[in-house]
Amino acid sequence: MAAARTLVELFYDVVSPYSWLGFEVLCRYQHIWNIDLRFRPAFLGGIMQATGNKPPAMLPKRAEYLLKDIKRMGKYYQVPVQISADDFQRILGKGSLGAMRFITAIDMTQPQFLEPVSREFWIRFWSQVARQAGLSSEQAQKLLEMVSSPAVKNRLKETTEDAIKFGAFGMPAVVAHYNGEQHLFFGSDRLELLGSVIGEKWLGPVPSLPSPKM
Amino acid sequence: MAAARTLVELFYDVVSPYSWLGFEVLCRYQHIWNIDLRFRPAFLGGIMQATGNKPPAMLPKRAEYLLKDIKRMGKYYQVPVQISADDFQRILGKGSLGAMRFITAIDMTQPQFLEPVSREFWIRFWSQHEDINQPASILAVARQAGLSSEQAQKLLEMVSSPAVKNRLKETTEDAIKFGAFGMPAVVAHYNGEQHLFFGSDRLELLGSVIGEKWLGPVPSLPSPKM
């Protein structure tokens, strides 16, 4: 009998480019590692407020570094993130509350679309590539109406509070439930370590799928 | 003819546990990757001051996380770092200026001891939880690294000389010029460009940029050719 899958929860917000990197890598590994990957769309602004943390780009020298780091990491992780100095301003200004409420509504009603819709938002925020997520206009319209409902607002709030309870102070925040313990990993650069903790092997950010058995 | 080695500069301070992780991994890879690893002992306090950055442990939730993260990373990287909540106070209070000046003196006069002495400082501070700034502590570290008492004493006397103070200052300024805002800061000179990598978790990416393969934090040495 196969070993029970390790539950791996990914708390993310589409305003966070590093969350996109973590997301894509975990989406690949969900078919390779013995994990049950659960998406937990949450509000990064809420986590920052609760913990007193600030976006790293607020430190000028760090912002300069981030521009280069995200490009290189995007290239190595094969995620089409494109970022310029203006982007920081734009994104920090606009925020992501509407997008995260929409994604929460998807989580509540059409969870099979959670992965493609999240990806589409990241592409719109952080890439120039235009793509379609596959929702019909009618479905999209219904979901937009849900966005300001108390149910959706509360659900996003609760998920954000869950992240905070696990100890998150930023994103991406990954929580692995292993051997009766909860292990928090912060950053798209802690996935190799996550693997080692849950008894899996790191095959780089773009692992090959195992060959199908004949 | 073998390809020219890629110059990889490691800016570090022994007050930084993540610098220890980066240091040990690069020490392993210097025998595997086609790199020329150059140690650049610098003063983290100076970098923080110049950039306005603060130690991550000053954010309470981050401090809680760091305690666990350093333990797990230490285990995975096979570096015997041991950390407790008190350590953050210890670092913020005492600093590492004396130790980094001593290491600078080593760099200037006995560079073959740079690797073992740096390691002994980290072991003393981050494994044994002992002082690294008192003269007696520094002499003990030097002896542990293989220096004679006489050599260690001479180096200790150099510590307050203008030459050593300036050298540490210049190295720290070099790190800042490269864009460092924390440590470990690694600068790879590749294809005519300088690539800055911050953190002990950017070594896999460093490898990919300089055309090398990541074999995890504890790579096996290639077997000797018969």
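**View 1. Contacts across the chain B sequence.** In this predicted model, take the contacts in chain B between residues at least 6 apart in sequence: 73% of them join residues at least 24 apart. Buried residues account for 54% of the 226 residues in chain B.

**View 2. The overall build of chain B.** How many helices and strands does chain B have? Count along with us: there are ten helices and four strands. Along its principal axes, the C-alpha trace of chain B spans about 45 × 45 × 35 Å. The accessible surface of chain B comes to about 10,400 Å², and carbon and sulfur atoms hold 52% of that surface.

**View 3. The sheet of chain A.** Now let us turn to the other chain. In chain A, four strands form an open sheet in the order 2-1-3-4, with mixed pairing. Why is one side of strand 2 (35-41) and of strand 4 (181-186) of chain A left without a neighbour in the sheet? Both stand at the edges and each has a single partner strand, so one side of each has no neighbour there. From one strand to the next, the twist averages 20°.

**View 4. Strands 1 and 2 of chain A, side by side.** Strands of a sheet pair through backbone hydrogen bonds, either parallel or antiparallel. Here, strand 1 (residues 6-12) and strand 2 of chain A pair in the parallel sense, over seven bridges. To find one bridge for yourself, look for A:Leu7, whose partner in strand 2 of chain A is A:Asp36.

**View 5. Two helices on the sheet of chain A.** Helix 1 (residues 17-29) of chain A lies across strand 1, strand 2 and strand 3 (173-178) of chain A. Helix 1 runs at about 150° to strand 2 of chain A. Helix 5 (residues 97-109) of chain A also packs on the sheet, touching strand 1 and strand 2 of chain A. The direction of helix 5 makes about 135° with that of strand 2 of chain A.

**View 6. Where chain B meets chain A.** In this view, 27 residues of chain B are in contact with 27 residues of chain A. Between them, the two chains bury about 2,600 Å², with 57% of it on carbon and sulfur atoms. Which three residues supply more of the area that chain B buries against chain A than any other three? They are B:Tyr65, B:Arg72 and B:Arg202, which supply 23% of that area.

How values were computed
Residues numbered from 1 in each chain as written. Chains lettered and ligands numbered in written order. Predicted model: local features only at pLDDT ≥ 70, side-chain atom pairs only at ≥ 80, totals over all residues. Heavy atoms only, no water. Pairing = 2+ DSSP bridges. Axes fitted to C-alpha atoms, helices over the stretch in contact; angles between N-to-C directions. Contact = heavy atoms within 4.5 Å. Buried < 20%, exposed > 50% of the residue type's maximum accessible area, 1.4 Å probe, protein only. Areas by Shrake-Rupley, 256 points an atom, 1.4 Å probe, with all protein chains shown as cover. Buried area = accessible area lost by both parts, 1.4 Å probe.
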